[in-house]
Amino acid sequence: MRMLLVALAAIQIVTFQSSPAEASEEFRFEYFPHIDVEVEFHNDWGAGRSGGRRHQGTDVFSSKMTPVVAVADGFVERVHKGPRSGYYVWIRHSAGYSTWYMHLNNDTPGTDDGRGGDEFAIAEGIEKGAFVQAGETIAWVGDSGNAEPTRPHTHFELHRNGRPINPYPYLADVWERELRLTELHQTLV
Ligand SMILES: [Zn+2]
């Protein structure tokens, strides 16, 4: 915990837009999905994408190989590699909520070679049926699938009862709670 707090104190880049919707009371994130000193995200729900598609999540930008952690306790429903999503992990949580983490790393660390394989994409033991604790590392940030030409990021989705909902208010909520913890910590040391 101390390491996380120290890391958060060093955060330099944060991009927020005002949140259009409240996060539900019945489900909260206990952890922000990236453990990093520099994170960038904004409310990009519904933004246009190729082929007339709409963005159904929040893109969270960090440097490649940043640990991606489970935002809450849950069970791994699926680990897969698709042409558009690249490597992804799907976790089922309580109250009908699921989180999806896409474009996980596919490169040998320090390169953009697309040859990292499973070892540098998904953390050991993350497989269908596995229990994951909030804050547990499940994977690493990358640019797999159709994210190859973009900056490394996690396309993060939140689903409720099988339908995607805007994860931004949930991300902003946990981010602000982690920042408040950091400030509290600084007043105590
Ligand atoms: Zn995205």
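1. Helix α2 covers residues 168-188, 21 residues in total, and spans 30 Å from its first C-alpha to its last. That is close to the 30 Å expected at 1.5 Å a residue. The model is a predicted one.

2. Several residues of α2 are buried, including Y168, P169, Y170, L171 and A172. Further along α2, V174, W175, R177, E178, T182 and H185 are buried too. An α-helix has 3.6 residues a turn, so residues three or four places apart point the same way.

3. The zinc ion is coordinated by NE2 of H55, OD of D59 and ND1 of H155, at 1.9 to 2.1 Å. Along the sequence, these donor residues follow the spacing H-x3-D-x95-H. Because H55 sits in the loop between α1 (2-9) and β1 (58-61) while H155 belongs to strand β8 (residues 153-160), the pair ties together parts that are 100 residues apart in sequence. H55 and H155 are both buried.

4. The volume of the largest pocket is about 520 Å³. Its lining comprises 24 residues, of which R53, M102, H103, N146 and H155 are the closest to its centre. H155 is also a donor to the zinc ion.

5. The elements giving two or more residues to the lining of the largest pocket are β1, β3 (74-82), β5 (97-104) and β8. Strand β8 gives the most, with 4 residues.

6. By residue class, the lining of the largest pocket holds 12 polar, 6 nonpolar and 6 charged residues.

Terms used
Residues are numbered from 1 along each chain as its sequence is written. This is a predicted model: local features need pLDDT of at least 70, side-chain atom pairs count only at pLDDT 80 or more; totals for chains, interfaces and linings use all residues. Side-chain values use heavy atoms; hydrogens and water are left out. Donors are N, O and S atoms within 2.8 Å of the metal (3.2 Å for Na, K and Ca); water is not among the atoms, so sites may look incomplete. Buried means under 20% relative accessible area, exposed over 50%, partly exposed in between (1.4 Å probe, protein chains only). On a 1 Å grid over the protein atoms alone, a cavity is a set of points where a 1.4 Å probe fits but cannot get out, and a pocket is an open set with protein on both sides within 12 Å along at least five of seven lines; lining residues have an atom within 4 Å of a point. Grid points are joined across faces, edges and corners, and a volume is the space filled by probe spheres set on the points. Ala, Val, Leu, Ile, Met, Phe, Trp, Tyr, Cys and Pro count as nonpolar, Asp, Glu, Lys and Arg as charged, and the others, Gly among them, as polar. The expected span of a helix is 1.5 Å times one less than its number of residues.
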